[in-house]
Amino acid sequence: MSKLLTKSLMLTLAGLMLGSTAARADLLDDIKKKGEVSVATEARFQPFEYVEDGKIVGYGPDMMKMVFEKYLPGVKVKQLDLPFQGILPGLGAKKFDVVITAVTVTKARTERYAFTTPIAEATTGLLKKAGDDSIKVPADIAGKPVGSQTGAAQLQVLKDFNASLGGKGVSEIKEYVGFDEAYADLAAGRIKAVAQSGANVAPLVKSKPETFEFMKETIGPKTYFGWAVRKEDDSASLLALLNKGLLELKASGKMAELQTKWIGFTYDLPDEIGEPAQ
Amino acid sequence: MDFTAVIAQLPRLVAGAQTTVWLSVAALACGAVLGLVMCAARLSGNIALRAVAAGFVSVFRGLPLLVVLLILFYVPPNFGIETTPITAALLGLTLNTAGYQTEIYRAGFLTLPPGHAEAARMLGFSRLQIARHIFLPQIFRVTIPALTNEAVDVVKSSGLLSVIAVTELLRVSQQIVSSTYRPLETYLVCAVFYFVLSSTVSWTGRALERRMSLKPA
Amino acid sequence: MIDLTALAEFAPAIWRGLLVTVEICAVSLMLGLVLGLVVALLGRLPFRPLHWLIRGYVEIWRGTPLLLQLFILYYGGPSLGFTPSAYLAGVLGMSLYTGAYLSEIFRGGFDAVPPGQIEAARMLGFTRLKTVRHIEVPQMLKLVVPPTTNQMISIIKESAVLSVITVPELTLTTTRIVSETFNVVEPYLLLGLAYWSITSLVAFASRRVERRLVQA
């Protein structure tokens, strides 16, 4: 009798607890219930995510597919493609559940958003015109016009680097809505260098070696790319799921395989970023 | 210049153009309904209705479409309202064109001879019947040129929808630029697409104008 | 919901963007006005190839988005040996765009000038040029003020696309604030308010001009 009582009590308690978890909204539960997850991507970021034959492809989408197929089977992915300037603010405004696009993890961003384990290195370097002998080391950009993308972490790195040059800084830092426009302006000769991560310019330099050249020496601190969710508690379980999936891909060597396939080389990545340097 | 990479992507540009066309057509149609309602409000004897309609026109003709779209897309979730890119896009385009169409219809209405309405009333037409059978056909006829221009403007400005995650003609072009690294060629082809679309609209408008003209053929 | 301190923080930067927008619009609208008038007058010359040329200009510039025109001018110019600065490309692109629209409005205005007035002037011994200057242009101007200001307001609003060629105008400035502070509501509402103020001012001014022209 008492056993039955205890059992029923425990059941009731369990029911209450379940009830209370359900009351405290959980994004992952909502996603499973709705059968749909909305993902934001800036599909203008070769080789991470870009469009080919009408489909968003790249290093990011490949990993996303693997993680979702394993941990969110049957859930439909609604992928939105929008300009980078709208990606993080849109996440904050709850326009989508998760950002699956290579976002550089920075101090300012970790204050507002939660990031997954790093998926690639994001350290900034300088792209210059092929054969431009006036720029041999990064500091040579002093006195010249340079550019990067509005709102991008690489722009901030460029600004900090410029400040570190002291009195003889660059003549102008131009801001572009997309990196493609910055590349076009570099080719046109209006600017002499574009601050961007090495992984992103690899396919560009490969396709137009006669026009572009990436400098070996990087600028700024070592940084990483990750995916982002909201920092609120309701997103914690989704973040845990993404991390679990990504770390498994890393441990199995699948991540390195995809890096070779899309980027052309592999990275030695930490599991956690800790406090970003910038 | 080398167009081969862009030509290979033509089917995608066509798909993007289809999105541009259906969104523009839907917005123009919804905008016509809303515009007529607002026009009726602007011309009504009720001061409150007139003020609402005047405010509507002032706001949506005074705000750039881009700003309307950004606000519709990003601001409502802060107040717990969900908007998908397509609804925000359709709503923004509709409100924008309705602001313009209200004024077009009003100008058209003011050109109508007052005698028509009086004659119809004497013949026993109700107010609604007068609006439907006397005013609407005449307003439509005199406003075709202005409506044609407005339709061209809607098609061209729909490119701004790319900013709120609608993959229409312009966004498709941007995506192609990112994988082909051929910005100039891609945007030139994209401009040709827009030109064909807007020329088709103008041509249709002129044909309609001729058909509905009262002058003997 | 709306954070007033955030508003105060963004206002100075948005103000600077606003000044850039006003400046570039003022210059290009004036140049576009002159261009439109010249094109409309040239269109009245009895010279066929000129008509085709003008038709082509008007149709192409009115039939494609300003954004693409600016883009092709700014990024495409260099491959033809013309490398304008962002400002120059912006002013040039907007002026050509404005000119195409206004020339059509002016053409309609000239057509609406009663032919009797022109004949009368000629009979009174006015030369062809004097007739244009003292009879046709002033008459036409009276007729075209409302559509011209409407068009100008449209173009001021469209100037938001100057951001694609790196002109640090109102919209680009606001986008930058959004992507740096992750705030959407306040900056975008402020942006809307800024444009609405400019366009309302222009609309107000145009009604004053219209009234004076009618009285004159």
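Mentor: Domain bounds come from an automatic or database domain assignment. This is a predicted model, in which local features need pLDDT of at least 70, side-chain atom pairs count only at pLDDT 80 or more, and totals for chains, interfaces and linings use all residues. Residues are numbered from 1 along each chain as its sequence is written, while chains are lettered from A and ligands numbered from 1 in the order in which they are written.

Trainee: What makes up the two domains of chain A, and how far apart do their C-alpha centres lie?

Mentor: The assignment divides chain A into domain 1 (27-121 + 223-262) and domain 2 (124-214). Their C-alpha centres are 27 Å apart.

Trainee: How many residues does each domain of chain A give to the contact?

Mentor: Domain 1 of chain A gives eleven residues and domain 2 of chain A gives twelve. Two residues are in contact if their C-beta atoms, placed from the backbone, lie within 7 Å.

Trainee: Which residues have the most contacts inside the largest nonpolar core?

Mentor: They are Val99(A), Leu69(B), Ile164(B) and Leu70(C), in a core of 183 residues. A nonpolar core is a set of buried Ala, Val, Leu, Ile, Met, Phe, Trp, Tyr and Cys residues joined through C-beta atoms within 7 Å; buried means that 20 or more other C-beta atoms lie within 10 Å of the residue's own.

Trainee: Why is this core said to lie between the domains of chain A?

Mentor: Domain 1 and domain 2 of chain A both give residues to this core, so it lies between them.

Trainee: What does Leu69(B) contact?

Mentor: Beyond neighbours within four places in sequence, its contacts include Ala88(B), Gly92(B) and Ile164(B).

Trainee: How many residues do chain A and chain C give to their contact?

Mentor: Chain A gives 17 residues and chain C gives 13 residues.

Technical notes. A residue is buried if 20 or more other C-beta atoms lie within 10 Å of its own, exposed if 12 or fewer, and partly exposed in between; C-beta atoms are placed from the backbone.
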